[in-house]
Amino acid sequence: MSKPFYIIGFMGTGKTSVKRYLETTNHVVDLDEQLERHAGMDIPSFFDQHGEVAFRELESELLRSTKAEYIMTGGGIVERPGNIEWMKAHGTVIALDLPFELCWERIRHSSRPLVKGGKENVRALYDRRLPLYREADIVLDASRGTEDVVRQLNRLKEENE
């Protein structure tokens with residue numbers, strides 16, 4: 001198997017939609033889904049019971065043990081020191097980029113734990129993470145739509161084989 005593509009990006013950039021397209025013809029793992037299976041509970045419950053620090057620790061453990069062509073990460077994977085460097089050393093890191101207001105429109109009514117703090121807190125989180133996402137090997141414009149992003153990913157995958 002070729003080196004994996006690690007897909008990163010803020011909440012609402014379209015990682016889940018891209019995953020749905022990719023998984024029809026590729027081996028794709030969603031770290032959030034894997035974490036929920038491993039923990040035996042959904043992410044909001046895990047946050048409530050164990051907190052964000054424990055979540056980030058488990059997320060990093062799962063990142064290092066997961067094997068797939070495409071690994072969809074949670075938006076906060078970049079928060080943990082060393083995760084980006086690890087992904088770059090073991091594959092290609094691809095960030096989905098979308099302006100904050102579009103992300104906010106997509107996530108504002110969600111049950112995501114970090115959205116509970118309101119728009120200004122989410123904006124501060126976006127601003128803090130944005131430079132970390134830009135450390136990716138490749139940044140794709142997610143505003144061009146899911147199908148376009150998937151076409152670009154497939155082309156990049158072919159070039160890397």
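This is a predicted model: local features need pLDDT of at least 70, side-chain atom pairs count only at pLDDT 80 or more; totals for chains, interfaces and linings use all residues.
Helices (H or I, at least four residues) and strands (E, at least two) are DSSP runs, numbered from the N terminus. At the meeting place, S60, L63 and R64 of α3 contact N83, W86 and M87 of α4, where contact means heavy atoms within 4.5 Å. These residues divide into three nonpolar, two polar and one charged.

Turning to the strands, β1 (5-9) has five of its five residues buried, so β1 is largely enclosed by the rest of the structure. Buried means under 20% relative accessible area (1.4 Å probe, protein chains only). F5, I7 and G9 point one way from β1, while Y6 and I8 point the other way. β1 pairs in the parallel sense with β3 (residues 70-72) over three bridges and with β4 (residues 92-97) over five bridges; pairing requires at least two DSSP bridges. Y6 has I71 of β3 as its bridge partner, and I7 has I94 of β4.

Between β1 and α1 (15-22), the loop holds G14, which counts as buried at 14% relative accessibility.

Residues are numbered from 1 along each chain as its sequence is written. Local features need pLDDT of at least 70, side-chain atom pairs count only at pLDDT 80 or more, totals for chains, interfaces and linings use all residues, and side-chain values use heavy atoms, leaving out hydrogens and water.

Methods: Buried means under 20% relative accessible area, exposed over 50%, partly exposed in between (1.4 Å probe, protein chains only). Ala, Val, Leu, Ile, Met, Phe, Trp, Tyr, Cys and Pro count as nonpolar, Asp, Glu, Lys and Arg as charged, and the others, Gly among them, as polar.
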